[in-house]
Amino acid sequence: MEFSSREAVIKAIKDYTIRRSVDYWVYESEPLTFYAKCTQYGSGCDWLIRVSMISRKYCWVIRRYNGSHTCTRATISQDHSKLDSITIAEVIKSLVEADPSLKVKSVIAEVQSKFNYTVNYRKARLAKQGVVEKIFGGWEASFEALPIWFQAMCHKEPSAVVHFETVPAYQGDELVRDIQVLHRVFWSYYPCIRAFRHCKLIVQVDGTHLYGKYKGCLLVAVSQDGNNNIVPIAFAIVEGETSDAWHFFLSNLCQHAYRVEFSAKIQGTVPPKIGRQHWIFEDGAGVRSALPAITGTGGSVHKLVKPNSSRTDALAFDGGYRWGHMTTNLVECINSVLKGARNLPVREMPSGLEFAVDLRGLRCDCGEFQVDRIPCRHVFACCANQRLNWKLFRPLGNPTTWPAYNGPRFIPNLYLRRVSKVRPRMTRFLNEMDMRMLRRPKRCTLCGAEEHSRSRCRQSAGTNADGDAQ
C-alpha cells in the first residue's frame, strides 16, 4: 500500500487497530520513517509494521509488515487508547460544520456507532473543540479580527455605529504599546436603526452568557413591528451583567440607536399622546442601571420603576404603553437564535473571492462596473436574486477591498478566561416569582407525590397485580 503523507499512514494504522480491538507501541517515529509493534510483541504476537518515505515516488510505502495479530486483549474495555481526540475530530468534522452547536453526547453516540467504543466525555469534548478551532479559528485570533471586521463594516456602511472600550495591556509592570485589552464593544447596524422607527414604542433588553473560552455577556435590545416581527436594534459584548456594563450598553443605545429614531417617531408618525417609550428589563439590576441612561434622553421616556405601583405592574393600568407585553420573550427569541453562535469564535472569510455590489451607486468591488460603465458578472448575479434589498444591506465583500487597519491589536482579558467547565453561575437577581418557585416543595414527575424524585419512585420499576413494587 502507498500513502500520500505520514499523517495518512498513522490514520490507517489507527483505524485498523481500533477495528481489530488490538493495540501497538510506536518504536520509531522519524520524519521519513514510522515503525510500530504490537503491545504483545514477543509474548505470543509478531505483528509489526514499518513505513518509509520513498523520495522518487513522492509517497509513503510499507516496507515491512508482519500480520495479522495473533494476540487477544486481556481485558475488555469500552474505550481504546488509539481512539484519541484527533481521530474523533476527523469523524465529526462534517457534523460540526453542519451544526456547530452539536452536543457532546451526540459526538459520543457518533463515535460509538462508527467504532463500537464509548469514549469518555472529556475526550469527546476536546475533539469537538479541536474541530471548532480548525473550522472557525482560535479565540485569540478572533479578538484580533474583531476591530478589522468592524472597521470594514463602517467603511461599507458609514451609518453603522460601533463603540469600543479598551484597557491598557501590561507585561508585568511594563505597559505594552500597540496592544489593547478588549473590555466592551457596542454596535448597531443602520438597517436595524432605521427599522426601529416603524416598530412599537417598546424596547426589550436582556443579557445572555457567552459559552466560549472566555467569559462575557451578550446584551441585546429588540423591538417589534406592527406585523409582530422581532426587530433587533443593538448589541454589545461586555464583561458581565454589571451596573457599569448595563450603563455602557444603554447609554450608547439611547445616544446612537434610540434618540434619533425616537425623535422621528414623535415628529412624524406617532400621535403626541403616546410619545413615551416603554422599557422592559430582565431583572432589577438592569432597571437600576438603566434609569440614569434612559432619563437622559430628554424626558420623553416613561419612568417604569415605581415600587408597588399598579400603573407599572399591571397591564390593565399601564395606559396602553406596554403594547400587551409583560415579559422579555421577544429578546429571549433572539437569544435562542444566537445560541449556536455564542460558543464560537469569529469565523474567517472563505478563501473564494467575493465582491460587494452597490446597484444604486453603480459600483462593484471588482472595478469593472465603474470603468466600463456596463454591468459586470457580479451585477448580473445580484440582479438574478432580486429578493435581496441591496440598498439597505451592504455585504463586507472581498477582504482585499477592505481598508488597511492601522489600530492597536486587541487581546482578550485573561481574567475572563473560563477555567471551570461547569455551567456559569446565575448572576441575575431573583424576583418574587423565583423565590416562590424555590420555596415550592419538590414533587416526583412520575407519580406526583412529594418527598422523593423520579429516580427513587417505586412506580419506576412497575407494580404487580397486588399493587406492590416489583
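**From one glutamate outward**

Mentor: At 26% relative accessibility, Glu-165 counts as partly exposed; on this scale buried is under 20%, exposed is over 50% and partly exposed lies in between, with a 1.4 Å probe and protein chains only. Before we go on, this is a predicted model, where local features need pLDDT of at least 70 and side-chain atom pairs count only at pLDDT 80 or more, while totals for chains, interfaces and linings use all residues. Residues are numbered from 1 along each chain as its sequence is written, and side-chain values use heavy atoms, leaving out hydrogens and water.

The partner of Glu-165 is Arg-184, with the closest N and O atoms of their salt bridge 2.9 Å apart; the term asks for a side-chain nitrogen of Lys or Arg within 4 Å of a carboxyl oxygen of Asp or Glu. Since Arg-184 sits in strand β7 and Glu-165 in strand β6, the pair ties together parts 19 residues apart in sequence. Helices (H or I, at least four residues) and strands (E, at least two) are DSSP runs, numbered from the N terminus. Arg-184 is buried, with a relative accessible area of 8%.

Now the rings. Two of them, from Phe, Tyr or Trp (its six-membered ring), pair if their centres lie within 6.5 Å, and planes under 30 degrees apart are stacked, over 60 edge-to-face, the rest tilted. That rule gives twelve aromatic pairs. One of them joins Phe-150 and Phe-164: the centres are 5.6 Å apart and the planes at 75°, so this pair is edge-to-face. Phe-150 belongs to helix α5 (residues 139-156) and Phe-164 to strand β6 (residues 161-171), so parts 14 residues apart in sequence are tied together. Phe-150 is buried at 9% relative accessible area, whereas Phe-164 is partly exposed at 24%.

Tyr-189 and Phe-235 make another edge-to-face pair, because their ring centres are 6.3 Å apart and their planes at 65°. This pair links distant parts of the chain, 46 residues apart: Tyr-189 is in the loop between β7 (174-188) and α6 (190-195), and Phe-235 is in strand β10 (residues 230-238). Tyr-189 is partly exposed, at 32%, while Phe-235 is buried, at 11%.

The structure holds eleven salt bridges. Among them is Lys-57 with Glu-2, whose closest N and O atoms are 3.5 Å apart. Lys-57 is in the loop between β4 (48-54) and β5 (59-66) and Glu-2 in strand β1 (residues 2-3), so the pair ties parts 55 residues apart in sequence. Lys-57 is partly exposed at 46%, and Glu-2 is exposed at 51%.

In another bridge, Lys-14 meets Asp-84 with closest N and O atoms 2.7 Å apart. Here helix α1 (residues 6-20) holds Lys-14 and the loop between β5 and α2 (85-98) holds Asp-84, so parts 70 residues apart in sequence are tied together. Lys-14 is buried at 13%, while Asp-84 is partly exposed at 21%. Lys-156, Arg-363 and Asp-365 are linked in a network of salt bridges.

Finally, where charge meets ring, the charged end of Lys-82 sits over Tyr-24, 4.5 Å from the ring centre; this needs NZ of Lys or CZ of Arg within 6 Å of the centre and within 35 degrees of the ring normal. Arg-50 likewise lies over the face of Tyr-35, 5.0 Å from the ring centre.
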